[in-house]
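Keep the structure open as you read.

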Amino acid sequence: MKLPKGFLFTSRYRILKRRLHPITKEFGLTFYVLRKSTLAVIGALLVCMFLFLAIFGSRIAPYNPYEVKIRERFIPPSKTHWFGTDKMGRDVFSRMLHGARYSIRAGLIVLVIAVPIGVLLGGIAGLFGGWRDEVIMRFTDVFLAFPSLILAMSFSAALGPSLFNAMIALSIVWWPMYTRLIRGQALSVRETDYVEAARSRGAGNWYLVRRHILPNCLSPILVTFTLDMGWIITATAALSFLGFGAQPPMPEWGRMISDGRIYMLQAWWVSVFPGLGIVMTVLGFNLLGDGIRDALDPKLRRITEVKWKQRTFS
Amino acid sequence: METENVLLAVENLKTQFFTYGGVVEALDEVSFNIIEGEVFGLVGESGCGKSVTASSILGLVQKPGKVISGRVLLDGDDLLQKSAQEMNQIRGSRISIIFQDPTSSLNPVFRIGYQVAEPYIYHQGKPRKVAARDALKILSQTGLPDPADKARNYPHELSGGMRQRAMIAMALTCEPDLLIADEPTTNLDVTIERQILNLVKDLQEEFGTSVLWITHDLGVIAQICDRVAVMYAGNIVEQASVRVVFHSPKHPYTQKLLRAIPAVDSSGENLEEIPGSVPRLINPPSGCRFHPRCDHAMSVCSGKKPIEREVGLGHTVACHLF
Amino acid sequence: MATNLIECKALTKYFPVKSFLREIGKVHAVEQVDLAIPEGQTVGLVGESGCGKTTLARTILALIPPTSGEIYFNGRDISKFSKKELRAFRKDTAIVFQDPYSSLDPRMIIADVVGEPLSIHGIARGEDRDDFVLNLLERVGLKVEHLYRYPHEFSGGQRQRLAIARALAGDPKFILLDEATSALDVSVQAKILNMLNRLKKELSLTYLFISHNLDVIRHLSDIIGVMYLGMIVEQGSRKQVFDLPLHPYTRGLLSASPSLDPDARSGTRDVVLKGEVPSAINPPPGCRFHPRCPSMRPSCAKEPPKLKDIGMGHLVSCHFAGCV
């Protein structure tokens, strides 16, 4: 395996390829297991559709979501307005297309804030134990003691009603869950034989975190993350519905439900379609999250691996 | 030997598991008889199918597994043909089973006394007070110290040895014809294991129960069994009285297995190694399943499955050498 | 005379039993153990659950700090090691665990798993490290193409070989084998035991082999220590302990261990130990074995016996050793 320096690039490339091979194989297996579950595929499709709308929605919307046309208010769903119009004459479909991105933005921001905090605090608590663990967990317990939505409402009210503040409020409510999750993982990984073997050969704490604890935390984080997206979208919509989050005229879906609430009997389409939108999105994330969880489950992978190998090499 | 009654006759038992990765041929026409009053051992390494045999006999094979063919005759009655209702009646009263891990076989939320009394209530319809009294009696027979006090404990409050005694008590409440013991002493310390082995032997003699003892530990087999069947990859490769199997084994696998165990005089020398490894049962080797690892393999071994032939009094071997 | 690679003197380890942050008792896991492990030999430590052998082993490797007593490695006191010396100690010692399924990180490929000690000590990196790993794999009988696979693709026996390969990385002098073959089938165990013997000779290793299986201990060990409830009750060469056991517990252990001879049944009922191992939180006073001892006398409950040399290095801890 030792080659002269001239071939350094080639040998390095081959080594890299050889090292990447098992990782790509594992990814391949994950996708294969996912494909096998119809529900997971449905979830993936729903999520993809939602993401597509979130990114490109504003470009394909047929009407201006903010333009007020009082003469065209409360038109029921028809060929010109697929989802009808609301009390200001705005096309519901276009508003929904524009509003998708707010939901996803909320989800991403909350997670981008909550997950690193969770990993940091949970990691310290789990790895070191002792007083650090006690202090961090009791602090976390304080936040967990409150019903999450009420807590979010209080923070939102204190910061002032806006979508951005709602996202901050939700982050504050959400980080304890990740702290608990990572702490549990770190604790169980810390007790394993392979960590003890590494420690007995002289590995320091930083090495253990980097090489053993973090990689083993990735899959639970991914699964929880995906399932949480659904929750956060719902929570953001709930806060907006209650008036704490998005403010009019922002076409955030929760806000839209709230705006159309009083007109439910005359113009059901104003609330129902955004509601359906939220339902489908959350369903999609839940199904996909379950699918990912199953796809990463070692037992299921081992059973499915046999079938997968047969297909690739037949 | 005088005329003995065959209590349990297992004939050509075939069990398979239809998993996602393929069909696992767990049991490949397994046949053996258990005589009334004897302790019959089933020994083999992990994956050989010994536990599957127990669950097949009791009708407890879980999906995706299924007993494909064969007969299990308990006093002439085919258990595989019975309905679920009838098997419920048989399990616990005519055939009992004790498992390897009493922690998971004893319900953690019920007290020991209650769990031991349960078979009396369910199978024999005894009133609660009578059942409780009988439960205490059988618990003390298993050598559990201070049974009245222990009966009020929950399983997690007892040690492993005590839990196993409770399990044995539970299994023997209705004086079953057959007791199946699936690795009951594997997790116990050696000194406790010795106590349990002696206990089972004493109780077995007292109640006249036949025992099917399943284990991977050949030492335990040597100590407690009258006859033994050696299993490999879903087949029984050799069957004989314990003395014959240990002193003059005929099947190549049995011979190698016995030589692989460190013995009194083996220190410093190499132990016998069986080349290769236990085959997967999804696409098992053709013909004799041991042939890829056998020193004496002939051309017929890979083509035809060997039938069990009698090579001595009560001694059968499944090998083309005979 | 062979030098002692590792030596413990009066090694003691207690674990506190806490309730609401207050200490209400102590687990007397290891009590005043003197153990010498000569270089190039295999010392077998046998005992049942709760006897403290695992704790003793971890303490010897400085993974748990002892409550009192000293441990010497090549004549130097471990507790006085500088950071550099401790690192060297860690390179010179290794562990192989019982469960092959949890001793390898499932998220790391074999090359990283086995090469981990090399990375930790900076012995080799990248390509060079993979070369080293290939050598180690060959030593334990595994093939080249296994280098970039994940642990879950291997069987229990193969994983244990990988664990041993990892232990051999960095050229250690001492390997602690904690029930290394207890989870393996008999036929696989035979291969691993043969391999361990071969490696010991090839690489001049010193082993501390812990097991509850007397047959394996007898096969592998030169010196044997029998532990009960935190103390070594008997110690000696293989012949001394197995042919002439003097401590009642050793006798009970030997007779309880199922022998492979069906004809040897009748005699084995004689020394059956009654009762169970008591809790290490409140060990019995005097000799810790006395409640279960078939030859107990009144003085056994009052004074704890000391480990005495009966002759030729055969040590027994019993007031009446040799008299029964």
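## Terms and numbering

Helices (H or I, at least four residues) and strands (E, at least two) are DSSP runs, numbered from the N terminus. Two strands count as paired if DSSP finds at least two bridges between them.

This is a predicted model, in which local features need pLDDT of at least 70 and side-chain atom pairs count only at pLDDT 80 or more, while totals for chains, interfaces and linings use all residues. Residues are numbered from 1 along each chain as its sequence is written, and chains are lettered from A and ligands numbered from 1 in the order in which they are written.

## A sheet in chain B

Let's start with chain B, where four strands make an open antiparallel sheet in the order β2-β1-β4-β5.

Strand β1 (residues 6-19) of chain B runs antiparallel to strand β4 (residues 65-74) of chain B, and eight bridges join the two. One place to look is E11(B), whose bridge partner in β4(B) is R71(B).

## Where the chains meet

Residues are in contact here if their C-beta atoms, placed from the backbone, lie within 7 Å. Between chains C and B, the contact involves 32 residues of chain C and 34 residues of chain B. On the chain C side, α6 (186-203), α7 (214-220) and α9 (248-256) each supply at least two residues, and α6(C) gives the largest share, six residues.

Chain B also touches chain A, with four residues from each chain in contact.

Definitions and conventions
Two residues are in contact if their C-beta atoms, placed from the backbone, lie within 7 Å.
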